Amino acid sequence: MLYHFSEEPDIEIFKPRPPTSFPQYPPMVFAIDEASAVHYFFPRDCPRVIYWKAAWTTEEDRDLFFANTTVDKIIVVENGWLKRIRSTKLYVYTFPAEKFQLFEEAKTAGYYTAAEEIVPLQVEPVGDLLERIASQHVELRFTPDLHPIRNSVIASTLDFSIIRFKHAAKANATIEHRREHYG
């Protein structure tokens, strides 16, 4: 099975739409596999940096990014999103996998696409998002500013998915806040 997450509880048909992150591609319906579903246990616009160990990850990067944890995947979210995560009602739509193909552009992120309209097999509430995330073998971290971890992850040998980063707080906002309040 493949999944789609939405704050809308009543979508009857998913129509292909132009992908904003991949404008060179035709309209499509996106779905996510079960292993990557935890990436979407968040409000739609919540910016997050998700990183995990890959076959090509160096020992140095494993030691640096995964010190003091037993998980293989870490999700980092800005502090300002905690209240929204707690209050968002999210729904999971289940799709028939045979109508989708692995999206090669981002295959390690678990994306699948279909060029045709998709009628979901079922829809159900996800429930408490923090509880669902905690039930997975991942670590959820909060930070005031996603920019440093994003830059470090991109420069590393880790595999990663960076979602809705355009909604991240401005990099200099934290610095300006410190200057205003602490001189």
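In this predicted model, the side chains of Asp-72 and Lys-53 form a salt bridge, with 3.2 Å from N to O. The two partners sit 19 residues apart and link distant parts of the chain: Asp-72 belongs to the loop between helix H1 (59-65) and strand S4 (73-78), while Lys-53 belongs to the loop between strand S3 (48-52) and H1. The count of salt bridges comes to three, and the table sets them side by side.

| Salt bridge | N to O distance |
|---|---|
| Asp-72 and Lys-53 | 3.2 Å |
| Glu-116 and Lys-99 | 3.7 Å |
| Arg-141 and Glu-139 | 2.7 Å |

How exposed are these residues? Asp-72 is partly exposed at 42% relative accessibility, and Lys-53 is partly exposed at 26%. Arg-141 is also partly exposed, at 27%, as is Glu-139 at 22%.

The largest pocket holds about 1,300 Å³ of space. It is lined by 37 residues, and the closest to its centre are Thr-20, Phe-30, Tyr-40, Arg-44 and Arg-164. Strands S1 (2-6), S2 (29-32) and S10 (159-163) each give two or more residues to this lining, which has 24 nonpolar, five polar and eight charged residues.

The second largest pocket has a volume of about 170 Å³. Its lining includes Tyr-3, Phe-41 and Arg-132, and by class has seven nonpolar, one polar and three charged residues.

Finally, look at helix H4 (residues 147-154), where His-147, Ile-149 and Val-153 are the buried residues. They lie on the same side of H4, because they cover an arc of only 165° around the axis.

Key
Residues numbered from 1 in each chain as written. Predicted model: local features only at pLDDT ≥ 70, side-chain atom pairs only at ≥ 80, totals over all residues. Heavy atoms only, no water. Buried < 20%, exposed > 50% of the residue type's maximum accessible area, 1.4 Å probe, protein only. Helix = DSSP H or I, 4+ residues; strand = E, 2+ residues; numbered from the N terminus. Arc of directions from axis to C-beta. 1 Å grid on protein atoms, 1.4 Å probe; cavity = no way out; pocket = protein on both sides within 12 Å on 5 of 7 lines; lining within 4 Å. Points joined across faces, edges and corners; volume = space filled by probe spheres on them. Nonpolar A, V, L, I, M, F, W, Y, C, P; charged D, E, K, R; others polar. Salt bridge = Lys/Arg side-chain N within 4 Å of Asp/Glu carboxyl O.
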